[in-house]
Amino acid sequence: MTSPTQPRGEAPAAAEIVAGIDRVTQHHGPWTTNYSLVPGVRTRDDEPDPNDRTRIRRLVQLVSDVAGRPVADLRILDLACLEGQVALEFARLGARVVGIEGRESNVAKARFAAQTLGLTNLELHHDDVRNLSRETYGGFDVVLCLGILYHLDDEDVFTFLQAVGEVCDGAAVVDTHVGLANERTYVFEGQTYAGASYVEHDADAEDEDKLANRWASLDNPLSLWLTRPSLYNFLSECGFTSVWECHQPRWEGMHDDRVTLLAVKGGRVTSLPSEPEVEIGASAWPELEPAVQSDPGLDTGATSEATVQALADTDERLQEARRKVRRLRTRVRTLRTRVHTLRARVRTLEGELEEIRGSKVGRAHSAAVRLRDRWSSRRR
């Protein structure tokens, strides 16, 4: 592990950083991430989520373990970097980092944090990750695809992963939700893949509302959560020769439908020394069965039809329950953001009130001085 890079020049005072955070909040809305800029100064005033720390630790450990050289020697791409929390961490470790983020308000916050820390090895771009190409951004030793894949729909899922494979020269970390059921299929370049649908925005949501919902897609109303087999198989199609799932360091609170995968670019082994004439192909994972199917062991007839219908009804209730849970998770995140917004407004109003009080006290003091002077002059 390399030591953190030292910021250039004199670091700003804590009070100056707090004032800067307030200015950024007023212009670009409240921070969604709670990041420590200097000891005692964070981007939010509530308690940090311990799972955020765990997540960043596991990412740094994972990259450090597989890189084969110091982190400071790596060029790292952070896709949909939000407010730069992970990108900042790797930049502070000395890596050359490029962050791409589709929401301008998030880019502004990440740039403020980078400037505050004096980091010159972090490039931030306001761009849609679906525009990713080697021609535009070059190649990277490590590509971080964290919390973005499950916000894309239909063909975008596949073309995006192809672009990840194109710019990745070493390994990609893919942290994503996966579909636990084969609810829908999609044909891409002659191959069929499966997954589950997730609602990102209401059908009548305005563009500005979509941008304001920072925990959802940029524009598409639905997203496709690929199943594990489909995700494994397509990563192989994108040139990743090995795909590993990270279990340690542990990320507490991770849901059953979330995985952290390490996809490695390498030279595909096509034969063994013992059998050079036998070509070894990349074997595909068998896809999950469709969400509802009849039990081949059941007799045909009325009983079988009733059982199949019962299974169908149960599966529909289960899928609806999953959708409700997902909507609740999104609502909780939105409410947390609104609470933080209100706190920031209260803090601003308190500051304005203090200024008003100060000005009133000052005026009263000036009036008292004038009265005293008048009284003194009359007595003379």
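In what follows, a residue is called buried when its relative accessible area is under 20%, exposed when it is over 50%, and partly exposed in between, with a 1.4 Å probe and protein chains only. By that scale R44, at 11% relative accessibility, counts as buried. The structure is a predicted model, in which local features need pLDDT of at least 70 and side-chain atom pairs count only at pLDDT 80 or more, whereas totals for chains, interfaces and linings use all residues. Residues are numbered from 1 along each chain as its sequence is written, and side-chain values use heavy atoms, with hydrogens and water left out.

Taken as a whole, the protein has 380 residues, of which 41% are buried. Its secondary structure comes to nine helices and 12 strands, where helices (H or I, at least four residues) and strands (E, at least two) are DSSP runs numbered from the N terminus. With contact taken to mean heavy atoms within 4.5 Å, residues 24 or more positions apart account for 71% of the contacts in the protein that have a separation of 6 or more.

Two helix pairs show how such elements meet. Helix α1, residues 14–28, packs with helix α4, residues 104–117, at an angle of about 170°, and their axes are 10 Å apart; here the axes are lines fitted to C-alpha atoms, for helices over the stretch in contact, and the angles run from 0 to 180 degrees between N-to-C directions. That angle makes α1 roughly antiparallel to α4, on a scale where angles under 35 degrees count as roughly parallel, over 145 as roughly antiparallel, 65 to 115 as roughly perpendicular and the rest as oblique. On the α1 side the contact is made by I17, G20, I21, V24 and H28, and on the α4 side by S105, A108, K109, F112 and T116. By class, this contact has five nonpolar, four polar and one charged residues, where Ala, Val, Leu, Ile, Met, Phe, Trp, Tyr, Cys and Pro count as nonpolar, Asp, Glu, Lys and Arg as charged, and the others, Gly among them, as polar. An α-helix has 3.6 residues a turn, so residues three or four places apart point the same way.

The second pair joins helix α6, residues 155–167, to helix α8, residues 228–237, at an angle of about 45° and with axes 9 Å apart, which makes α6 oblique to α8. The contact is made by F158, L161 and Q162 of α6 together with L231, F234 and L235 of α8, and its residues divide into five nonpolar, one polar and no charged. Helix α8 itself is mostly covered, with seven of its 10 residues buried; these are P229, S230, L231, Y232, N233, F234 and L235. Just after α8, G239 takes a positive phi of about 100°.

Side chains of opposite charge can pair when their charged atoms come close. The structure holds 11 salt bridges, each a side-chain nitrogen of Lys or Arg within 4 Å of a carboxyl oxygen of Asp or Glu. In one of them the side chains of R44 and D46 meet at 2.8 Å, N to O, and while R44 is buried, D46 is partly exposed, with a relative accessible area of 21%. Elsewhere R130, which is partly exposed at a relative accessible area of 25%, meets D128 in a salt bridge at 2.7 Å, N to O. The side chains of R130 and D156 also meet in a salt bridge, at 3.3 Å, N to O. Because R130 lies in the loop between β5 (122–126) and α5 (134–137) while D156 lies in helix α6, this pair ties together parts that are 26 residues apart in sequence. D156 counts as partly exposed, at 27% relative accessibility. Through shared partners, salt bridges join D128, R130, D156 and D219 into one network.

Two loop residues complete the picture. S217 is found in the loop between α7 (207–212) and β10 (222–226), and with a relative accessible area of 2% S217 is buried. Leaving aside its neighbours within four places in sequence, S217 is in contact with R103, H151, E200, H201 and K210. H247, by contrast, is found in the loop between β11 (240–245) and β12 (258–265) and counts as exposed, at 57% relative accessibility. The C-alpha atoms of H247 and R58 are separated by 9.4 Å, although the two residues are 189 residues apart along the chain.
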